[in-house]
Amino acid sequence: MLIIYKSKQMCSFILNKKQNNKDMKIPFSPPYIDDSVISEVVDSLKSGWITTGPKVKALEEEIGKLSGAQRVLCVNSWTSGAILVLRWLGLKPGDEVIVPAYTYSATAMAVLWAGGKPVMVDSGEDFNISVEAIRRAVTPRTKAIIPVDIAGFPCDYKSIMALVEEPEIKAMFAATSDVQQQLGRILVLSDSAHSIGAHYEGRRSGSETDIAVFSLHAVKNITTAEGGAICLNMPAPFDNDELYAKMRLMTLNCQTKDAFTKSKAGGWRYDIVGQGMKVNMADVNAAIGLAQIRQYDKLLAERKRVFMAYDKAFRNCSWAVTPPACTADKESSYHIYALRIKDITEEQRDAIIQEISKHEVAVNVHFIPMPMLTLFHDLGYDIKDYPQAYQNFAHEISLPIYPQLDDEKVQFVIDTIVEAYNKIVGA
């Protein structure tokens, strides 16, 4: 059955509705598990070695090749990776880290767990952190900036890296640790949780800043069920090989022998040489990501196919704001399709989502700004100070996007969104 929507909102295109759509269920973000993933995991299980070992090392190498990072260290989550980096940086009470108000809570939580103070700033209309807001927030206590690649679209790293090198900004910098003294400026730690495979000025995400951290969580483009990857690109005089070895030791409680070495006959004696963490990745987890990343070009192309189908449809709707994806110097990883709807309230957005859910299409919202969450509100953050972050949130609906979505399912999602909008806001 062909249905033509011609609403006064000027959303006019042909929708191909099939009779079996009533039975269609669209989950939001299932993991991509094919025979190669299963085989890689089974290989790990059969090897008799399932914790940190050769598959973790192989995954680190593959992420290094994809990202262009000088060294890559896999850990058990993005959050623990960011905490590890900030602890290495030597945050002291009162030290500040600039973060966007519009991001997942882990960005600021990592700062809190590392002993620092998150300083939240507003976003731009592209969802990403405002560079001018960063500039206004810098003080002598600022030790790091954590930009976040929302939905997989890279931040303005050229401007951010230039900002931390400006003479007046560097002159303001006051080191409180040996690492900070050696760096001599604010560290840029990019939250690349969404952006593995994205492009920025001819390079891949993970190599644009001092350090980047990918998430390999179950819903991400590449997953290890739970996991993260720290990408090291520290400038001279830092040695990234030495830094990798130091941080790897920190992931294993600063134990001088890893489990494999310690398990060898006669190899039981070890030492603890620092206050480390237990945040290493296991081989059985790395196996999932290893199989996926070896076919990532194909998987990324499929994500882009879904993204562009949405884009083509919603560009015909005067009420839709399509998300940024590709500019002269940036290309997204197509992690999320962050659709925004013009001139609606937060309550109308929620009603649209409720209507969509009646048709078994799972959508999401990325993100609830941190000042709206109880923890951060109780710490004194107020959403009124971040008007663009609130506008981005109140109008946003994240659509499902993953390789398993065939064209019929994509069309069903589009149909469902349009119908829900028309029902709630009015045709």
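A pocket is an open set of grid points with protein on both sides within 12 Å along at least five of seven lines, and its lining residues have an atom within 4 Å of a point. In the predicted model described here, the largest pocket is lined by 30 residues. Of these, Y104, H194, H217, V219 and K220 lie nearest the centre of the pocket. The space inside amounts to about 510 Å³. Two elements, α3 (78-89) and α4 (106-113), each give two or more residues to this lining. By class, the lining of the largest pocket holds 13 nonpolar, 12 polar and 5 charged residues.

Confidence was examined next. The mean pLDDT of the protein chain is 94. A value of 70 or more is reached by 93% of the residues. Among the elements, strand β4 (residues 96-100) has the highest mean pLDDT, at 99. Strand β1 (residues 2-6) has the lowest, at 38. The pLDDT is below 50 over residues 1-10, a stretch with 34 contacts in the model beyond near neighbours in sequence. Residues 13-20 also have pLDDT below 50. That stretch makes 29 contacts beyond near neighbours in sequence.

Rolling a probe the size of a water molecule over the atoms shows where empty space is left. The count comes to 2 cavities of 30 Å³ or more. The largest cavity holds about 80 Å³ of space. It is lined by 14 residues, and P30, Y32, K220, N221 and R303 are the closest to its centre. K220 is also among the residues nearest the centre of the largest pocket. The lining of the largest cavity comprises 8 nonpolar, 4 polar and 2 charged residues.

The second largest cavity has a volume of about 40 Å³. Its lining consists of D126, F127, I150, A151, F153, F307, P323, P324, S332, I336 and A338. These residues divide into 9 nonpolar, 1 polar and 1 charged.

Helix α6 (residues 157-165) has a buried set made up of Y157, I160, M161, L163 and V164. These residues lie on the same side of α6, because they cover an arc of only 155 degrees around the axis. An α-helix has 3.6 residues a turn, so residues three or four places apart point the same way. Several elements take part in covering the buried residues of α6. Helices α5 (131-137) and α7 (167-172) are among them. The cover also includes strands β6 (142-145), β7 (187-191) and β8 (199-200).

The backbone shows two cis peptide bonds of note. One joins A236 and P237, with omega of about 10 degrees. P237 lies in the loop between β11 (228-232) and α9 (240-251). The other runs from H366 to F367, with omega near 0 degrees. F367 is placed in the loop between α13 (346-357) and α14 (374-378).

E201 has a phi of about 50 degrees. This residue sits in the loop between β8 and β9 (203-204). E201 counts as partly exposed because its relative accessibility is 42%. For Y334, phi is near 60 degrees, again a positive value in a residue other than glycine. Y334 belongs to the loop between β13 (330-331) and β14 (337-341). At 1% relative accessibility, Y334 falls under the 20% limit and therefore counts as buried.

K423 is part of helix α16 (residues 407-425). Its relative accessibility is 57%, so K423 counts as exposed. K423 and I352 are 71 residues apart along the chain, yet their C-alpha atoms are separated by 8.2 Å. D241 is located in helix α9. With a relative accessible area of 46%, D241 is partly exposed. D241 and F214 are 27 residues apart in sequence, and their C-alpha atoms are 19 Å apart in space.

Notes
Residues numbered from 1 in each chain as written. Predicted model: local features only at pLDDT ≥ 70, side-chain atom pairs only at ≥ 80, totals over all residues. Heavy atoms only, no water. pLDDT = per-residue confidence, 0-100. Helix = DSSP H or I, 4+ residues; strand = E, 2+ residues; numbered from the N terminus. Contact = heavy atoms within 4.5 Å. 1 Å grid on protein atoms, 1.4 Å probe; cavity = no way out; pocket = protein on both sides within 12 Å on 5 of 7 lines; lining within 4 Å. Points joined across faces, edges and corners; volume = space filled by probe spheres on them. Nonpolar A, V, L, I, M, F, W, Y, C, P; charged D, E, K, R; others polar. Buried < 20%, exposed > 50% of the residue type's maximum accessible area, 1.4 Å probe, protein only. Arc of directions from axis to C-beta.
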